[in-house]
Amino acid sequence: MYELLLQELLIEISRQFPELFVQENSDVVELICQIQGRFETSCGQVYSLQSLAKEYGLSSSYLSHLFKRITGMPVMQYLFYCRLNTAKALLAESALSVGQIVERCGFSDASNFSRTFRKQTGLSPREYRAAKKYPLDSD
């Protein structure tokens with residue numbers, strides 16, 4: 001759980017102050033920030049490293065290398081953290097059912113999501129929602 005909180009903090013710091021973390025060409029930093037922003041606003045879409053690389057005119061291995069060098073984590077791990085953070089926000093701030101949140105955040109299925117959520121946060125989605133004082137849903 002502390003690892004997740006630390007990851008979230010580092011992601012936020014790197015998004016707010018990328019110059020503290022990178023000694024890179026500004027075009028490369030801008031490209032990676034663009035991908036990060038896309039994940040943060042559209043995490044429910046289906047992404048693959050290959051499709052992203054093709055879209056941005058890079059090889060998969062080069063995109064993977066750049067992303068990890070600039071952000072400190074692999075592309076798909078960053079997407080996972082964006083999905084998890086979005087799910088946490090939706091659990092805390094909305095009346096959406098767990099199933100709707102799973103769909104909106106791009107997780108494959110509710111049982112996988114619940115298992116992963118518990119592993120990362122120490123709480124089930126329902127327990128997390130209850131701890132955040134939002135009424136339980138009917139899922």
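R118 has a relative accessible area of 42% and therefore counts as partly exposed; this class lies between buried (under 20% relative accessible area) and exposed (over 50%), as found with a 1.4 Å probe and protein chains only. The model is predicted, so local features need pLDDT of at least 70 and side-chain atom pairs count only at pLDDT 80 or more, while totals for chains, interfaces and linings use all residues. Residues are numbered from 1 along each chain as its sequence is written, and side-chain values use heavy atoms, with hydrogens and water left out.

*Solution.* R38 is partly exposed at 22% relative accessibility, and E55 is partly exposed at 47%. E127 is partly exposed, at 36%.

**Exercise B: Secondary structure**

State how many helices and strands the chain has, and what share of its residues is buried.

*Solution.* Helices (H or I, at least four residues) and strands (E, at least two) are taken as DSSP runs and numbered from the N terminus. The chain has eight helices and zero strands. Along the sequence, the pattern reads α-α-α-α-α-α-α-α. Of the 139 residues, 38% count as buried.

**Exercise C: Aromatic pairs**

Give the number of aromatic pairs, and classify the pair of F107 and F113 as stacked, edge-to-face or tilted.

*Solution.* A pair of aromatic rings is described by the distance of the centres and the angle of the planes. Rings of Phe, Tyr and Trp (its six-membered ring) pair if their centres lie within 6.5 Å; planes under 30 degrees apart count as stacked, over 60 as edge-to-face and the rest as tilted. Applying this rule gives eight aromatic pairs. For F107 and F113, the ring centres are 4.8 Å apart and the planes stand at 55 degrees, so the pair is tilted. Both F107 and F113 are buried. Ring pairs also join F80, Y81, F107, F113, F117 and Y128 into a cluster.

**Exercise D: Cysteines**

*Solution.* The cut-off for a disulfide is a pair of cysteine sulfur atoms within 2.5 Å. A search of the whole structure finds zero disulfides. For C43, the nearest cysteine sulfur belongs to C105, 4.7 Å away.

**Exercise E: Contacts of T121**

Find which backbone oxygen atoms lie at the side chain of T121.

*Solution.* A polar contact is a pair of N or O atoms within 3.5 Å; within protein, one must be able to donate a hydrogen and the other to accept it, and residues adjacent in sequence count only if both atoms are side-chain atoms. T121 lies in helix α7 (residues 110-121). A polar atom of the T121 side chain is 2.8 Å from the backbone oxygen of F117. The T121 side chain also reaches the backbone oxygen of L123, at 3.0 Å. T121 is buried, with 5% relative accessible area.

**Exercise F: Helix α1 and distances across the chain**

Locate L4 within the secondary structure, and compare its separation from N85 in sequence and in space.

*Solution.* L4 is placed in helix α1. With a relative accessible area of 3%, L4 is buried. L4 and N85 are 81 residues apart in sequence, and their C-alpha atoms are 9.7 Å apart. L10 also lies in helix α1 (residues 2-16), but L10 is partly exposed, at 39%. For another pair, K88 and I101 are 13 residues apart along the chain, with 9.3 Å between their C-alpha atoms. K88 lies in helix α5 (residues 75-93) and counts as buried at 10% relative accessibility.
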